Amino acid sequence: VEWPDDFAGSYGHVGTNPTSSAVFTIKKNGSAVGSITISTGGVFTFATTGAETTLAAGDRLTVEAPTPQDATLADVGFNLAGARV
């Protein structure tokens with residue numbers, strides 16, 4: 001799977017906005033490759049650390065929640081739009 005620069009085409013939903021911006025870290029095999037930021041207005045911003053991110057068979061993609069967690073943030077969902085290569 002290949003994700004384009006800044007995870008173009010990705011989108012998210014939040015039921016209850018955070019009190020301050022919440023940043024989720026996206027990792028490939030334990031190394032940061034991008035982030036998802038949710039603003040206090042519920043706007044999602046997707047960012048990559050490089051031009052694109054590719055996962056091959058056996059690679060692992062994880063998403064880490066912000067620390068500390070925002071007590072008001074609730075019902076978060078997102079889709080990372082990618083393409084099979």
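Predicted model: local features only at pLDDT ≥ 70, side-chain atom pairs only at ≥ 80, totals over all residues.
**View 1. Strands β4 and β5 are joined side by side by bridges.** Strand β4, which covers residues 31–38, runs antiparallel to β5, and five bridges join the two strands.

**View 2. Four strands make up an open sheet.** Read across the sheet, the strands follow the order β5-β4-β3-β7, and their pairing is antiparallel. Strand β5 (44–48) and strand β7 each have a single partner strand and therefore stand at the edges, where one side of each is left without a neighbour in the sheet. From one strand to the next, the twist averages 20°. As background, strands of a sheet pair through backbone hydrogen bonds, in either a parallel or an antiparallel manner.

**View 3. Lys27 and Glu64 form a salt bridge.** A search of the whole structure finds one salt bridge, and in the pair formed by Lys27 and Glu64 the closest N and O atoms are 3.0 Å apart. Side chains of opposite charge can pair when their charged atoms come close.

**View 4. The two partners of the salt bridge are shown with their accessibility.** Lys27 is buried, because its relative accessible area of 19% falls under the 20% cut-off. Glu64, by contrast, is partly exposed, with a relative accessible area of 39%.

Notes: Residues numbered from 1 in each chain as written. Heavy atoms only, no water. Salt bridge = Lys/Arg side-chain N within 4 Å of Asp/Glu carboxyl O. Buried < 20%, exposed > 50% of the residue type's maximum accessible area, 1.4 Å probe, protein only. Pairing = 2+ DSSP bridges. Axes fitted to C-alpha atoms, helices over the stretch in contact; angles between N-to-C directions.
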